[in-house]
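Good morning. I will go through one structure today, a few residues and helices at a time. Please look at the sequence and the model before I start.

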Amino acid sequence: MQSESSRRRHLLSAGLALGLAAAAVPLGALAEEKYPSRPITLVVPFPPGGSVDIMARQYSEPLARVLGVPIVVENRAGAGGSVGAQYVARAKPDGYTLVVSSQSSHLANPLTQPKIGYDPVKDFENIAILGRQPNALVVHSSLPFKTFAEFVEYARKNPGKLNYGSGGVGSMGQLNVEMFKAATGAYTTHIPYRGGTPLITAVLGNEVQFILDNLVIMLPHIQSGKVRALAVAADQRLPQLPDVPTLAEVGYPQLNLTSWTGLAAPAGTPEAVVQTLYKAVRQVATSPAMVANLKDRGVIAPEEMTPAQFEKMMAERMVKFGEVVRKAHITAE
């Protein structure tokens, strides 16, 4: 019969062996963390109130419900979106720090800022499109132009008399107009502003005569009659502006490019996390409530586009707008 002291020694040895065995097993193998299990930070690389910020806040709550964790929207503005984008590119690739990407931060900036510090494809997992924003050529309501053709004719015959505004040197608003100028032969002068909010103020105050930029930021002012849309960049006429033709309809299909807003994570984020986020975005984006919400704001609900297809589209846009940047000699300050 085993003595009490022998029994205690046996139990102690067994416990020590189990402890050593547990220590030898990686923690992840014992209890792998389910993603997501804590709050997610969604970085907006622009100030509050702009089109990217609006999209982030439209998605944050329904995405949080689908994923089951809070999503905190954090504005990290600066350098036309570069500050926030670079912050996320350098973040831990665990799916808990994401960025709302756009053609400004992930197209225009890399093309016009040679020392930007990140590559829009190599340094990110570009997960999904949140929405497509039609661009619109918008003029102040006091101007006499009633049609796109009248506007182009005046811009050709009166070089330098029309000023256009953008959210900054090297912004998509500038690239859009430079592409327009190359296509139409018009000559206009660029007046850059520091972001979308001062740009809106400038357009409403007739400090600049026109813009070719995201419809989202101007739609309420178009509907109120303060400014006038002469053409939109969209696959078809928009229900909010049924009398406004597309740029393809007025003879310039090469200008008929919608902008996009997307969701991205740092490069190296696990594929399982990327797929979880992709499926969550698609669930929210295709919900009747989100489709209606986007439509009311003049945003086109995103088509199904895998991360690989998303990055292919980005690469094609880099080539197209790269030509615009080179020919117009655009370099951001």
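I start with A79, which counts as partly exposed because its relative accessibility is 48%. Buried here means under 20% relative accessible area, exposed means over 50%, and partly exposed is in between, with a 1.4 Å probe and protein chains only. A79 is found in the loop between β2 (71–75) and α4 (82–89). Helices are DSSP runs of H or I with at least four residues, strands are runs of E with at least two, and both are numbered from the N terminus.

Two remarks on where this comes from. The model is predicted, so local features need pLDDT of at least 70 and side-chain atom pairs count only at pLDDT 80 or more, while totals for chains, interfaces and linings use all residues. Residues are numbered from 1 along each chain as its sequence is written, and side-chain values use heavy atoms, with hydrogens and water left out.

Back to the backbone of A79. Its phi is near 55 degrees, a positive value in a residue other than glycine. Why point that out? Most residues other than glycine have a negative phi, and most peptide bonds are trans.

There are other cases to look at. H329 has a positive phi near 55 degrees and is not glycine either. H329 sits in the segment after α12 and is exposed, with a relative accessible area of 69%. N206, which follows α8, has a positive phi near 60 degrees. As for peptide bonds, the one from Y35 to P36 is cis, with omega near -10 degrees. P36 lies in the loop between α2 (27–30) and β1 (40–44).

Next, helix α3, residues 51–67, and its partners. Its axis comes within 9 Å of the axis of helix α10, residues 271–285, and the two cross at roughly 120 degrees. That makes α3 oblique to α10. Axes are lines fitted to C-alpha atoms, for helices over the stretch in contact, and angles run from 0 to 180 degrees between N-to-C directions. Under 35 degrees counts as roughly parallel, over 145 as roughly antiparallel, 65 to 115 as roughly perpendicular, and the rest as oblique.

Which residues of α3 meet α10? They are Y59, P62, L63, V66 and L67, and in α10 they meet T276, L277, A280, V281, Q283, V284 and A285. Contact means heavy atoms within 4.5 Å. By class, this contact of α3 with α10 has 10 nonpolar, two polar and no charged residues. Ala, Val, Leu, Ile, Met, Phe, Trp, Tyr, Cys and Pro count as nonpolar, Asp, Glu, Lys and Arg as charged, and the others, Gly among them, as polar.

From α3, the residues M55, Q58, Y59 and P62 meet M290, N293 and L294 in α11. That contact of α3 with α11 has five nonpolar, two polar and no charged residues.

S51 is also found in α3. Is S51 buried or exposed? S51 is buried, with a relative accessible area of 11%. Leaving out residues up to four places away in sequence, S51 touches N214, V216 and I217.

Now helix α8, residues 196–204, whose buried residues are L199, I200, A202 and V203. Seen down the axis of α8, these buried residues fall within an arc of 160 degrees, so they line one face of the helix. The arc is that of the directions from the helix axis to the C-beta atoms. An α-helix has 3.6 residues a turn, so residues three or four places apart point the same way. The buried residues of α8 pack against β5 (135–140), β6 (163–166), β8 (210–214), α9 (219–224) and β9 (227–233).

S102 lies in strand β3, residues 97–102, and is buried at a relative accessible area of 4%. Neighbours within four places in sequence aside, S102 is in contact with F46, V52, L107 and W260. T188 is in the loop between α7 (172–184) and β7 (189–192), and is buried at 2%. Not counting residues up to four places away in sequence, T188 touches A155, L162, Y164, V177, K181 and F210.
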